[in-house]
Amino acid sequence: MKITGARAVIKALEDNNIKYIYGYPGGAVTPLYDELLNTDIEHILVREEQSAAHAASGHSRTSDTVGVCLATSGPGATNLVTGIATAFMDSVPLIAITGQVSTSMVGTDAFQEVDITGITLPIVKHSYLVKDASEIPQIFANAFHIANTGRKGPVLIDIPKDIQLTSFEYVEPTKPKLMGYNPNYYPNIKQVARIKKILEKSKKPLLLIGGGAVYSKCFKELEELFEKVNAPILTTLMGKSAINNNLENYFGMLGLHGTAASNYAINQCDLILSLGARFDDRATMLTDNFAKNATIVHVDIDPAELGKNITTHYPVVSDIKNFLDEFNPIIEKLDYSNWINDIKKLDEKYPMKYNKENINPPMVIDRLCNLTKGEAYICTEVGQHQMFAAQFYKFSKPDRFVTSGGLGTMGYGLPAAIGVAKANPDATVINICGDGSLQMNFAEIATALEQNLPIKLFLFNNSSLNLVRQLQYFGSNKRYSGIEFTCNPDFCKLVKSYPNTEAYRIDDISQIDDVINKALNNGKFTLVEVNTQTTEIVYPVASARLGVKKLDYFDGEEILY
């Protein structure tokens, strides 16, 4: 059977159960777009290529399929770069397809030629420049395998236009077998037994859950662990979505904007059993004084993470689910109630709280959590609102938090929400944003409306980049620079200028519940705008000088551990 390169690409996507491609066409991918007319795969036309990668990322994070994005050569390809880097930092499986100038023109500085495989080399798991159309079936088989195995991540496939048009005799790809790529999914049994003994000897252990647990989808196994080991539970930002945030022993997020209780636990514990957390700088702050009294057990599927940021005493290379499959059956019931009660006392003294006199983001997010029962998919942009969402939205179901944790990409939330909504058509999908981040991508409102997606935008508008303001407040002696927007649009009128939308503005505390209920139940794409003060600060804040040993608490009170 002879087929063209373009047909081979689409067939590879069909064979991998891809239903949606997020993309933006151009001259170097017209054969692919022509072939899309012959398939049931739906193309979703975004307004800018970066959004295609973010939407594919949101789709991938909240479904069992790998997200796919498509762009043309040159600027189309380079516009994907931030989205690819975002997926790389958060270990999101992604296939990024780019068009390239014809092979005879590669290296001639042809119109819209760019070396996208070279540009993205540090931010992909792997990349391919297709030089022969007959290679396409095997390249795609390998690419899906690489993207969705081991530590997951993006793979880029760059395809010259003439390759897309070339016919060849199709041969079914073989099962991927890649030299030097052999992820280890299973723990050493002797290591597991050793960690059991270490945990049993511990007086003050804690369980630290990271994003790796989300990708492992070990939610039931974690519940079994928590039933057997009655120890304090903390999460990283990305780990929040791995557990029910209402567990009695869960003390919240650690680190820069973590709870007072979680950072106290880090300072006092004698053992950290880390499951899929990579100890990034916002979690550990200063590594020299992080958990100084603790033995560190680090379980991670990526051996490169073990000992990278902090000293690891017992490294275990394994998928988290497979580790728990071995660990849970051999562990007896362990009870650390006294240790838990010690942390609870501090949690009661320094709870997460907010000003209840004036309307503010935590107040609205707290009510949003209550009215959605913690069950909504929450996407965020990046800014103060991202941290408030992490602090005050308590997820009752796993795998519901979609945020740019590693790269911290403003403009991520709305396109990611589009991908989440396409993957989960019956779910409530909310994007929490600030006016700075929303203006980076609000053109995607049109994409959401074309797709008939009733996404809810909760906009906290302070006409400012307020997380930067906060950094300047603490780090630049309140000398504020380059953070004010003096010509913001009327966001409600902006959204209402699109057909079949709703927009509400909350001006008073008494309106919050009524407006949220209207927004959640109107079946339309909706904006809820809340005008807030530039004086808002995300508390607690760990110290730049002392790390997690000192927190600025609510209203500037200091906590020293």
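This is a predicted model: local features need pLDDT of at least 70, side-chain atom pairs count only at pLDDT 80 or more; totals for chains, interfaces and linings use all residues.
Visitor: What makes V101 count as buried or exposed?

Guide: The relative accessibility of V101 is 8%, and buried means under 20% relative accessible area, exposed over 50% and partly exposed in between (1.4 Å probe, protein chains only), so V101 counts as buried. Leaving aside neighbours within four places in sequence, V101 is in contact (heavy atoms within 4.5 Å) with S73, V106, A110, F111, Q112, E113, P160 and K161.

Visitor: Why are helix 3 and helix 5 called roughly parallel?

Guide: Helix 3 (residues 49-61) and helix 5 (residues 81-89) pack at an angle of about 25 degrees, with their axes 7 Å apart; the axes are lines fitted to C-alpha atoms over the stretch in contact, and angles run from 0 to 180 degrees between N-to-C directions. Angles under 35 degrees count as roughly parallel, over 145 as roughly antiparallel, 65 to 115 as roughly perpendicular and the rest as oblique, and the two helices are therefore roughly parallel to each other. At their meeting place, Q50, A53 and H54 in helix 3 meet T82, G83, I84 and T86 in helix 5.

Visitor: Which residues of helix 5 are buried, and what covers them?

Guide: V81, G83, I84, A85, T86 and A87 are buried in helix 5. Their cover includes helix 3, helix 4 (75-79), strand 5 (94-100), helix 6 (116-119) and strand 7 (154-160).

Visitor: How many residues does the largest nonpolar core have?

Guide: A nonpolar core is a set of buried Ala, Val, Leu, Ile, Met, Phe, Trp, Tyr and Cys residues joined through side-chain atoms within 4.5 Å. The largest one has 67 residues, and L222, I272 and L275 have the most contacts inside it. Helix 12 (residues 260-268) gives the most to this core, with five residues. A second, separate core of 49 residues includes A71, A87, I418 and A503.

Visitor: How many aromatic pairs are there, and why is the pair of Y350 and Y553 called edge-to-face?

Guide: Rings of Phe, Tyr and Trp (its six-membered ring) pair if their centres lie within 6.5 Å, and planes under 30 degrees apart count as stacked, over 60 as edge-to-face and the rest as tilted; by this rule the count comes to eight aromatic pairs. The rings of Y350 and Y553 have their centres 5.0 Å apart and their planes at 75 degrees, so the pair is edge-to-face. Y350 lies in the loop between helix 15 (337-349) and helix 16 (361-372) and Y553 in the loop between strand 24 (547-552) and strand 25 (558-560), so the pair ties together parts that are 203 residues apart in sequence. Y350 is buried, with a relative accessible area of 10%, and Y553 is buried at 3%.

Definitions and conventions
Residues are numbered from 1 along each chain as its sequence is written. Side-chain values use heavy atoms; hydrogens and water are left out. Helices (H or I, at least four residues) and strands (E, at least two) are DSSP runs, numbered from the N terminus.
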